[in-house]
There are 2 protein chains.
Amino acid sequence: MAQKKAHIINVGLIGLGTVGTGVARILLSKRRAILQRTGFDFRLKTVCVLHPKKKRRLSLKGVRITSTPTHITRDPDIDQVVELMGGTTHAHRCLTSALSNSKDVISANKALFAEKGLSLYRLSSRMHRLIGLEGSVGGGIPIIKAFKEGLASNRISSFYGILNGTCNLILTEMSQKGKTYVEALKKAQASGFAEKNPRLDVNGADTAHKLAILARLAFHREIPFGRIFYEGISKISDIDVNFSAQMGYTLKLLAIARLEPQMELRVHPVLLRSDHPLASIHGVNNAVLVRGDEVGEVLFVGEGAGERPTASAVVSDMIDIAKARRLGIGPRETIFSKAKVKPVSEVRSRYYLRFQVEDRPGMLGKLARVLGANGISISSVHQIEAPARFVPLIILTHQASEEKVKNAVRLIQRSSLVKQQAVLIRVE
Amino acid sequence: MAQKKAHIINVGLIGLGTVGTGVARILLSKRRAILQRTGFDFRLKTVCVLHPKKKRRLSLKGVRITSTPTHITRDPDIDQVVELMGGTTHAHRCLTSALSNSKDVISANKALFAEKGLSLYRLSSRMHRLIGLEGSVGGGIPIIKAFKEGLASNRISSFYGILNGTCNLILTEMSQKGKTYVEALKKAQASGFAEKNPRLDVNGADTAHKLAILARLAFHREIPFGRIFYEGISKISDIDVNFSAQMGYTLKLLAIARLEPQMELRVHPVLLRSDHPLASIHGVNNAVLVRGDEVGEVLFVGEGAGERPTASAVVSDMIDIAKARRLGIGPRETIFSKAKVKPVSEVRSRYYLRFQVEDRPGMLGKLARVLGANGISISSVHQIEAPARFVPLIILTHQASEEKVKNAVRLIQRSSLVKQQAVLIRVE
């Protein structure tokens, strides 16, 4: 919907990294197109960067460059503050200042909002300001909008997400090109997808941050980030990837959110049956599979990272917030009640267990006895032939509680039956 | 965003079929939840049905029942008119009356808006009223919202859609369960998905209606419905489905929209490589694969039909329009310029051709000569053995123009070389 008269929105942008540059580029190059389509004239007034003198690939003629965030957050002319600096401490300070000075804020900072979001939400509510986070999850997929608006008449009962493009690229390279974990990680870094320090990606924390942000919207509860169990992909070996493929499974790092009977929020590698809708999401793609009481299952897929998709999401937030602002209303008043999250130890699931066992008779019987004594029944067993003293032994269990399985694995590891850490992957 | 004060929206609903019942049910059973989440209190004031005395599975206590549409469209209390009666003539009259009486309108009537949308859009613009069509395409997938808002900073260059659940179910049953077309259609009808008269589904018209609605939003042009080429699935045989599977293809009824170099809008069966994202969309699911200049490729998948998904989409429109209404602004003023659509005869593609030829030597040579003389080169040939006088001969061509291929096929059919109509399927 366009208005006859243009409405000017002055924008301050903090951070000019990959996504920040993308946002600046869209605002400068598509200003007219956006004005025509929406009736809002977004003017990039000020950009805050660490090094204002640095040469940049983007021409910022007519834009004020500063290294002082308060030149943006306290500028009475500025309507929207777009925070794309990353990190949590400084970003928290900038956003607090922006909200306190009656700016609407748009951010792609998932770590900040997952871990310290509550104080910012409370402040935004008090100041009657809006927060846009579409850029924080799923790259250009309009998933936050779908949760908030498109599925507004639904009670969302569960969602499952592939939310980290780097991890998905690594697992895809391992399964499709037979790479080892280390080779696949190097490939992801070389192609510019993985960070130089990919720890937050591969250890599952980034996915958990995104899960926290989505779960808040889906379940209308405050999510205590510390209660989200997460586990990454760095222990996954090419043996696991290949062997699960042979059994008809695909290995994915999944964010899992279920509302009932008690809220489950967890991030870990999962064996998915190869005909599962998320099993065919490859490379840097992200995907979210949502189940709503009215809509049934809906799947969203798109590039999960990169300058352009994320910048596209940030700009769509800016447009939405400009519209909402003209409504003259602020954010929802409700402070959500805290979610009670089921401890992962109580989760029941099937398990894939891989042990390194000595290649001699009777080993399986011994392992099976420990599992049986802990109430875990075996669905199938696979021993992989290898000309070595220690060989991989893979056990698929029936449904069992996480606690019992971990307990049994601990007992087995303490014995002299196996070498190395056992690998434990949940089967969905 | 919720307001402190509830804003009352009085709703009139015309039509209480499958989707209408779903909308009424959501409005009555989720009124409080929607109020809490959005700040809008939707009150179902009046329902218009053909037979007001008929017993219904839904209790409509407190709702006025009428068989006179103007009791809704002229009621000064009513804010939103939800048209779910279907058909084009009466529905057009109802919506015209509603808009003329300053109501916002929500409809899932794709035939009406694809074929006669322009007059309604013009009227809505003149009356400063809004039109919501989310329910018309893709069941519960918030695809119209994604086009209008989520991807607002993108130039959409193409999209591909599986937009008819019945056709997709039939093709899935044929490919996965080895059913014939007639068996699969019966199954779809028995399970309540296909209409008793499934003509508009299987002849591609329904998909073309949806394509017209989406293309208008994606390309910001008025789409002349008569220029959309469409072809259905009723000529597809199990031979084609099975044989394409053997060659690594999946057969789908696809809506294709491309902006460049000249706009292409068409609906027809297509052979997709089995690793194509749309090849794995099965059963009653719908899917849209969008390419935007910022976002790259985004895929949306969900149940394409049925009471609940579509009703969910209609209600999300009602909420959005209530919000926009509070903005105090009407629809976009622009009357779109008419799109120039490339004639299908000029489209270039690869082709799958199936002929019924007499099983004697030299037949292939004769067909190949006709194709060659028309500038069509053959990529591969497959003759299927059968204990019959006439056997299927399948030819895959290299890129060729539709006009030349159709011409060659016509010549071949006129000759005495083949029996029955040839089958021609485009390969994407």
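This is a predicted model: local features need pLDDT of at least 70, side-chain atom pairs count only at pLDDT 80 or more; totals for chains, interfaces and linings use all residues.

**A helix and its surroundings**

Modeller: Which residues are the buried ones? In α14(A) they are Glu402(A), Val405(A), Ala408(A), Val409(A) and Ile412(A). Look down the axis of α14(A) and these buried residues fall within an arc of 135 degrees, so they line one face of the helix. Now turn to the face pointing away from that buried side: there α14(A) carries the exposed residues Glu403(A) and Arg414(A).

You can check the length of the helix too. Helix α14 of chain A has 13 residues (402-414), and at 1.5 Å a residue they should span 18 Å. The end C-alpha atoms are 18 Å apart, so the two agree.

Staying in chain A, have a look at another helix, α12 (residues 307-326), where you'll find Arg308(A). Arg308(A) and Thr21(A) are 287 residues apart in sequence, yet their C-alpha atoms are 9.3 Å apart in space.

That brings in the other chain. How are the two copies related? Chain A superposes on chain B by a rotation of 180 degrees with 0.0 Å of shift along the axis, at an RMSD of 0.0 Å. The two copies are therefore related as by a two-fold rotation axis. Both copies use the same surface, as 100% of the contact residues of chain A recur in chain B.

While you're over in chain B, find its open sheet: six strands in the order β3-β2-β1-β4-β5-β6, with parallel pairing. At the edges of the sheet stand β3 (64-66) and β6 (131-132) of chain B, each with a single partner strand, so one side of each has no neighbour in the sheet. Further in, strands β4 (residues 80-83) and β5 (residues 104-107) of chain B pair in the parallel sense over four bridges. One to look for is Val81(B), whose bridge partner in β5(B) is Val105(B). Finally, helix α1 (residues 18-29) of chain B lies across β1 (7-14) and β2 (40-48) of chain B, running at about 140 degrees to β2(B).

Methods: Residues are numbered from 1 along each chain as its sequence is written. Chains are lettered from A and ligands numbered from 1 in the order in which they are written. Side-chain values use heavy atoms; hydrogens and water are left out. Copies are superposed by least squares on the C-alpha atoms of residues with pLDDT of at least 70 in both. Contact means heavy atoms within 4.5 Å. Two strands pair if DSSP finds at least two bridges between them. Helices (H or I, at least four residues) and strands (E, at least two) are DSSP runs, numbered from the N terminus. Axes are lines fitted to C-alpha atoms, for helices over the stretch in contact, and angles run from 0 to 180 degrees between N-to-C directions. The expected span of a helix is 1.5 Å times one less than its number of residues. Buried means under 20% relative accessible area, exposed over 50%, partly exposed in between (1.4 Å probe, protein chains only). The arc is that of the directions from the helix axis to the C-beta atoms.
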